Amino acid sequence: MNPKPAMTGSLTLTLIMGFLCNAFSTFGAEEDDVIKIRLSYKIILSQRNHTRPHLNTPDGKELRDDMIREVVEEMNAIMASYWRGYRFELNEIREIGSLNGFYPDPSHWFDVDFIQQDKKNKLLRQMEAAIQAYPKHYAWREDAVNIYINQATSGAKRKVRDLIVIGADLVSTAWVQLHELGHYFDLRHTQGDLGVAVPGRSGEGYTVPGDDDVEDTIKDLPGWSRDEIAKHNFSIAYEKLEAQQKELVDDVAENIMSYHFLEPVGAGLHRLTEGQLDRWTDTTLDFYRQKVRDGRTWFVDHRSFCNEGTSAHPFEAVNLAVEAANNNGGDIILLRPGEYDETVTISKPVTLRATRKGLATIGIPFTLTEMSIQ
Ligand SMILES: [Zn+2]
């Protein structure tokens, strides 16, 4: 993974943010300037000898806790590159299952490939039913995203009841887990909700792009090259595009929610667009998902006429967001680009951020005329 470097627009406010955090440390509230999403990993043990899954490497080594810790760090490095202030917190790693291995025992799922053996999600729904009946056996948590690792799954899946299942071989692949977490926060594939479209596999390929319900992602299909994405959206080859248009192509070609890890693009996936991050953020307000994170984001957009503080209906003024933010800290105020001509007094711990789209300034704009000495 090679996350995009930070952009200057966000840097400016991050400096202010750091200042605010120091300034308010005396309040004794939470000092951290990020919103944490709690992750609970469950390792399904073998029903034969009660061991952890093994990786498909020549030495066949056992899945270790530090592999999970490292992948969470890697995901956080990608999250940091988005400048939205969201991070994952590894809450726990639990072993589940027993030597019994009969349904509904968690070890029953040790050898199941939820990708190849379960195309219609029948088994996953059975597992969900077992979790609902025996939440303790499955170490199910309402206040964290539940990620189950088994031996045989040849990929990762999130389909029912916000249940994520991954195979041991993908435990160290950050973008795959981020992809599933993207689904958890209601992101769709960049090709729309067309299901798994693998090029060359008859009956499963798609020729018409779907819609992912995000404004700033252009039309996409898994089998397309950068040139084909460019031609479909802009009618010319990738190399002939303006820099900004190339960026739009790359935004889907390297998107976490795409299938472009496959040829012909074969990209390292690390991008999420501002529109996708907006959707992610609004989904954290949902009844179930609000339990898995601390803090929330309040959106401000000076062009807004609505006042809910969501991405779709942002506040029009910074002061409204400051008033709405939690008095005990932990919230983020996200300013969309523009000049906010208001005097803001902040007397609670809160973090201010700008987006990667551009600068946001608070107060009367500073001009050269004011600087000139007569
Ligand atoms: Zn997916």
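## Strand β3

Strand β3, which spans residues 145-150, is mostly covered, with six of its six residues buried. The model is a predicted one.

## Partners of β3

Strands of a sheet pair through hydrogen bonds of the backbone, in a parallel or an antiparallel sense. One partner of β3 is strand β1, residues 35-44. The two strands pair in the parallel sense over five bridges. Lysine 42 has tyrosine 148 of β3 as its bridge partner.

Strand β5, residues 164-167, is also joined to β3 and runs parallel to it, here over four bridges. Within this pairing, isoleucine 149 stands opposite isoleucine 166 of β5.

## The sheet

These pairings belong to an open sheet of five strands, ordered β2-β1-β3-β5-β4, with mixed pairing. Its edge strands are β2 (86-96) and β4, each of which pairs on one side only. From one strand to the next, the twist averages 20°. Helix α4 packs on the sheet, where it touches β3, β4 and β5. The direction of α4 makes about 10° with that of β4.

## Helix α4

Helix α4 covers residues 174-184, and nine of its 11 residues are buried, so the helix is largely enclosed by the rest of the structure. The buried residues are Ala174, Trp175, Gln177, Leu178, His179, Glu180, Leu181, Gly182 and Tyr184. They pack against helix α2 (65-80) as well as against β3, β4 (156-158) and β5.

Just after α4 comes aspartate 186, which takes a positive phi of about 70°.

## Summary

The buried residues of α4 pack against β3, among other elements.

Technical notes
Residues are numbered from 1 along each chain as its sequence is written. This is a predicted model: local features need pLDDT of at least 70, side-chain atom pairs count only at pLDDT 80 or more; totals for chains, interfaces and linings use all residues. A residue is buried if 20 or more other C-beta atoms lie within 10 Å of its own, exposed if 12 or fewer, and partly exposed in between; C-beta atoms are placed from the backbone. Two strands pair if DSSP finds at least two bridges between them. Two residues are in contact if their C-beta atoms, placed from the backbone, lie within 7 Å. Axes are lines fitted to C-alpha atoms, for helices over the stretch in contact, and angles run from 0 to 180 degrees between N-to-C directions.
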